[in-house]
Amino acid sequence: MIPLPAEPERILLIKPSALGDVVHTLPILRLLRARFARAHIAWLINEPFANLLEGNPHLNEAIPFPRARFARSCSHPGSAVDLWHFLHSIRRREFDLALDLQGLFRSAWLGWISRAPIRVGFGNAREMAPLLYTHRVPVRQTGVHAIERYLTMIAALGCDTEPIEFDFGISLTDRQVIAERLAQRGITPATRLAVLLPGTNWPTKRWPVAYFAKLVVDLNRRCGLESVVAGASDTPSIPGARSLIGQTTLKQLAALLERADVVIANDTGPMHIAAALNRPLVSLFGPTNPVRTGPFRRPEAVLRLNLPCSPCYSRICSHQSCMNWLRPELVCAAVETALGAG
């Protein structure tokens with residue numbers, strides 16, 4: 001247990017990215033609030049993900065971190081000045097407890113910049129980050145889901161580790177926007193809906209677009225489902241599916257996933273939103289390990305092939321057997337199972 005000289009009045013939660021990790025941190029925020037009911041809790045988060053925190057009842061302040069702009073600070077004087085002002089604003093907030101859930105040197109450095117007298121991180125954090133912590137929490141490196149790692153940290157502060165609940169703050173307006181956009185594409189409230197999430201930041205995580213296109217046909221023929229594809233603007237379009245690509249905020253995307261009868265997703269951030277909303281889900285895994293980054297406590301939602309080379313954690317592969325051998329008929333059968341279980 002980490003000794004606290006006094007109840008912290010101002011807590012800085014450092015978890016800038018990625019989207020899936022931000023989703024995994026939402027129950028941690030809730031448990032922190034339960035333990036430190038009167039504290040001012042701020043979350044330092046990368047700017048593109050800040051929308052997901054709007055209206056969260058357990059958070060006092062979201063601090064958007066414009067990483068893309070600050071990355072130019074070495075060559076762009078204006079960005080350097082902006083970074084200096086940002087760091088000064090962090091220091092001026094006078095946090096007395098900083099929690100680094102990112103576990104990288106830059107996130108540990110941001111905690112150190114805050115001048116919080118208690119700075120907590122993982123003992124096995126990367127890039128020499130532990131050198132900047134005042135307290136290091138030991139945690140297993142393998143066979144542990146990301147959420148379990150985060151729970152280990154807050155347990156060291158005396159927090160409970162249950163219940164695991166996700167607060168997305170989906171508003172009536174978010175739901176109305178999605179209903180209107182679906183209606184514009186011929187999808188009524190009575191339509192059975194499959195949401196496809198084919199976007200990923202690793203090429204090796206991508207189930208082939210042609211397989212998704214075949215799945216759209218099979219889902220309609222065998223399950224009576226209409227398909228909508230969603231995600232960031234760089235998400236590949238899927239022939240035969242209506243598109244909401246690049247047309248939703250993160251909270252509107254959550255509202256769309258909430259509406260779905262089933263979600264079919266690569267290992268991608270929005271998949272974790274669907275899992276947290278407890279939607280019927282088929283998540284397609286290949287090069288990554290679902291034990292560590294899969295849908296939390298949803299092993300039935302994972303579909304993968306048991307190949308000797310998987311998981312390999314490689315972003316480059318000459319054959320991508322783990323995804324290419326995962327045929328559309330296998331995925332369609334998994335969808336039917338998920339619908340039956342739901």
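Lys and Arg count as positive and Asp and Glu as negative, while His and the chain ends are left out. A charge is placed at NZ of Lys, CZ of Arg, CG of Asp or CD of Glu.

This is a predicted model: local features need pLDDT of at least 70, side-chain atom pairs count only at pLDDT 80 or more, and totals for chains, interfaces and linings use all residues. Residues are numbered from 1 along each chain as its sequence is written, and side-chain values use heavy atoms, without hydrogens and water.

**Exercise 1.** Find how far apart the mean positions of the positive and negative charges of the protein chain are.

*Solution.* Start with the counts: 38 positive and 27 negative charges.

**Exercise 2.** State what share of the 342 residues in the protein chain is buried.

*Solution.* Apply the cut-off: buried means under 20% relative accessible area (1.4 Å probe, protein chains only). Buried residues make up 55% of the chain.

**Exercise 3.** Work out the strand order of the open sheet, and which strands stand at its edges.

*Solution.* Strands are DSSP E runs of at least two residues, numbered from the N terminus. Two strands pair if DSSP finds at least two bridges between them. The 6 strands run in the order β9-β8-β7-β10-β11-β12, with parallel pairing. β9 (242-245) and β12 (302-303) each have a single partner strand, so one side of each lacks a neighbour in the sheet.

**Exercise 4.** Describe how β10 is joined to β11.

*Solution.* Locate β10 at residues 262-266 and β11 at residues 281-284. The two run parallel, joined by 4 bridges. Ile 264 stands opposite Val 282 in β11.

Key. Buried means under 20% relative accessible area, exposed over 50%, partly exposed in between (1.4 Å probe, protein chains only).
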